[in-house]
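Please open the model in your viewer, with the sequence panel beside it, and keep the selection tool at hand. The tour below goes from stop to stop, saying what to select and what is there.

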Amino acid sequence: PDRRDLNRSFPGTRDGSLSSRIAHATFHNVVARCDYGIDLHTAAVRRTNYPNVRADMGQEATARLATLFGAELLLDSKGPEGSLRRAALKAGCATITLEAGEVWKVEPAVVEYALRGIRNVLVGLTMIEGEVRPPSFRMVAEDTKWIRAEEGGFLRFHVHPGDLVSAGQPLATNTSLAGRELNTLVAPRDAIVLAMTTLPAVSPGDPVAHLAYSSDAAMRKMENALGKLPEDSLLARLHDDLASNLMVSDLDDSFG
């Protein structure tokens, strides 16, 4: 309500801003009493995220939680200052964050993915009976980078969220409103498309595509695994569903 980011306000204060007070109440009445936490997130407004789990893999309990969840893509990081998972970990509550899909939507494949992961954790911690369903592959991202618009204009997208891209591969072409090509954004190195804007109109510096980087061996393993997935698999359905708000075209496509 006060237009602050709640996930930069933890552990909060009793007499601070409204967001800080909400964070304080949540943290001390819930989080501090827990042993484990799973923080479920969508992308920011006008963006979509390919499912990924973010965790401090240097912490044994957190690494175990992230592994149990069964996400194919893991981002190893401590989390930003003020985030729930970073503050929770400091308080002794191992916490991971799932980033998936868009805000203000119920996306069936994203919901299924989250439920599968939560159930895996509950089974792995012997809280319920069952078997942990392992991922088709697992890749730990070493680094990420936002590719940003160089000029204002209108984007033509050339990739989907979850696509594997090679160095130099076109990501999006920026055109004027009359259709004149201004420039094409390309991948600086081999990567997976972690997130994308869903808004084609951009200003200089606006984020367009979020790329995640890993080792060459991990990228090849992921490519092989994706190539063997059945069309009705969860990951295949996710790939199609997350691109439903994007019109993706080849670089040489024309609207003529």
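Begin by selecting Leu 155 together with Asn 174, its bridge partner in strand S9. This is a predicted model, in which local features need pLDDT of at least 70 and side-chain atom pairs count only at pLDDT 80 or more, while totals for chains, interfaces and linings use all residues. Residues are numbered from 1 along each chain as its sequence is written, and side-chain values use heavy atoms, with hydrogens and water left out.

Now widen the selection to strand S7 (residues 153–157) and strand S9 (residues 170–175), which run antiparallel and are joined by four bridges. Helices (H or I, at least four residues) and strands (E, at least two) are DSSP runs, numbered from the N terminus, and two strands pair if DSSP finds at least two bridges between them. Both strands belong to an open sheet of four strands, with antiparallel pairing and the order S10-S9-S7-S12. Colour strand S10 (181–186) and strand S12 (201–202) separately, since these are the edge strands, each pairing on one side only.

Next, select helix H2 (residues 60–69) and helix H4 (residues 108–124), whose axes come within 7 Å and cross at roughly 125°. Axes are lines fitted to C-alpha atoms, for helices over the stretch in contact, and angles run from 0 to 180 degrees between N-to-C directions. H2 and H4 are therefore oblique to each other; angles under 35 degrees count as roughly parallel, over 145 as roughly antiparallel, 65 to 115 as roughly perpendicular and the rest as oblique. To see the contact (heavy atoms within 4.5 Å), show the side chains of Arg 64, Leu 65, Leu 68 and Phe 69 of H2, and on H4 those of residues including Tyr 113, Ala 114, Ile 118 and Val 121.

Finally, move to Phe 10 and Phe 27, whose ring centres are 6.5 Å apart with the planes at 50°, so the pair is tilted. Rings of Phe, Tyr and Trp (its six-membered ring) pair if their centres lie within 6.5 Å, and planes under 30 degrees apart count as stacked, over 60 as edge-to-face and the rest as tilted. Phe 10 lies in the segment before helix H1 (18–29) and Phe 27 in helix H1, so the pair ties together parts that are 17 residues apart in sequence.
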